[in-house]
Amino acid sequence: LKYTKYEFYQRYGNLTLWDKQAKKETKKQKQKLTKAKKAPCASSSLRDVIMWTGDDVKHWMYAIQKKFAITDHSIKTFTAYGVNGDILMDLAVQDVKDIGLRTTQAKRIVQAINELKDNS
C-alpha cells in the first residue's frame with residue numbers, strides 16, 4: 001500500500017477503501033506464492049531445465065526472486081522475450097543486458113543461472 005493507514009484516513013476520510021486495497025494486496029501476495037510453489041524444482045537435471053518452457057522459466061524466477069533480489073520487471077521482460085530453458089542456460093550478462101535489464105539485475109540473474117547449472 002502506498003499510504004500508511006493514518007495517511008489514508010487523513011486523505012480519504014474513511015478506511016473502507018483501505019480495507020479493500022489491503023485485501024487486494026494480500027490476494028496478489030498469495031498469487032505470487034502460488035506461482036512460486038508451482039516452480040520447477042531447482043534441483044532438476046540439466047536435461048530437464050533445457051526442456052523448460054517460458055512459463056517454467058517464469059515460475060523458476062518467481063521461486064528465486066527473493067533470494068537473488070530479482071524484480072518483477074525482470075521476470076516480465078523474460079516472459080515477453082520468450083526465454084525458455086534452452087536459451088536460459090546459454091545466457092551471459094551481456095545477453096541479459098541486451099534484453100533490456102540493468103547490469104545489476106543481469107548479474108543477479110546470471111548468478112542464479114550458474115547456481116542452477118551447478119545444482120543440475
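Tutor: Let us begin with naming: helices (H or I, at least four residues) and strands (E, at least two) are DSSP runs, numbered from the N terminus. This is a predicted model, in which local features need pLDDT of at least 70 and side-chain atom pairs count only at pLDDT 80 or more, while totals for chains, interfaces and linings use all residues. Residues are numbered from 1 along each chain as its sequence is written, and side-chain values use heavy atoms, with hydrogens and water left out.

Student: How do H4 and H5 pack, and at what angle?

Tutor: Two packed helices are described by the angle between their axes and the distance between the axes. Axes are lines fitted to C-alpha atoms, for helices over the stretch in contact, and angles run from 0 to 180 degrees between N-to-C directions. Here helix H4 (residues 54–68) and helix H5 (residues 72–81) pack at an angle of about 170°, with their axes 10 Å apart. The two are therefore roughly antiparallel to each other, a label for angles over 145 degrees, where under 35 is roughly parallel, 65 to 115 roughly perpendicular and the rest oblique.

Student: How many salt bridges does the structure hold?

Tutor: Side chains of opposite charge can pair when their charged atoms come close. A salt bridge is a side-chain nitrogen of Lys or Arg within 4 Å of a carboxyl oxygen of Asp or Glu, and the structure holds two. In one, Lys58 pairs with Asp55, the closest N and O atoms being 4.0 Å apart; these residues are three apart in helix H4 and so separated by about one helical turn. In the other, Lys67 pairs with Glu115, with the closest N and O atoms 2.6 Å apart. Lys67 lies in helix H4 and Glu115 in helix H8 (residues 103–119), so this pair ties together parts that are 48 residues apart in sequence.

Student: Are Lys67 and Glu115 exposed or partly exposed?

Tutor: Lys67 is exposed, at 58% relative accessible area, whereas Glu115 is partly exposed, at 29%.

Definitions and conventions: Buried means under 20% relative accessible area, exposed over 50%, partly exposed in between (1.4 Å probe, protein chains only).
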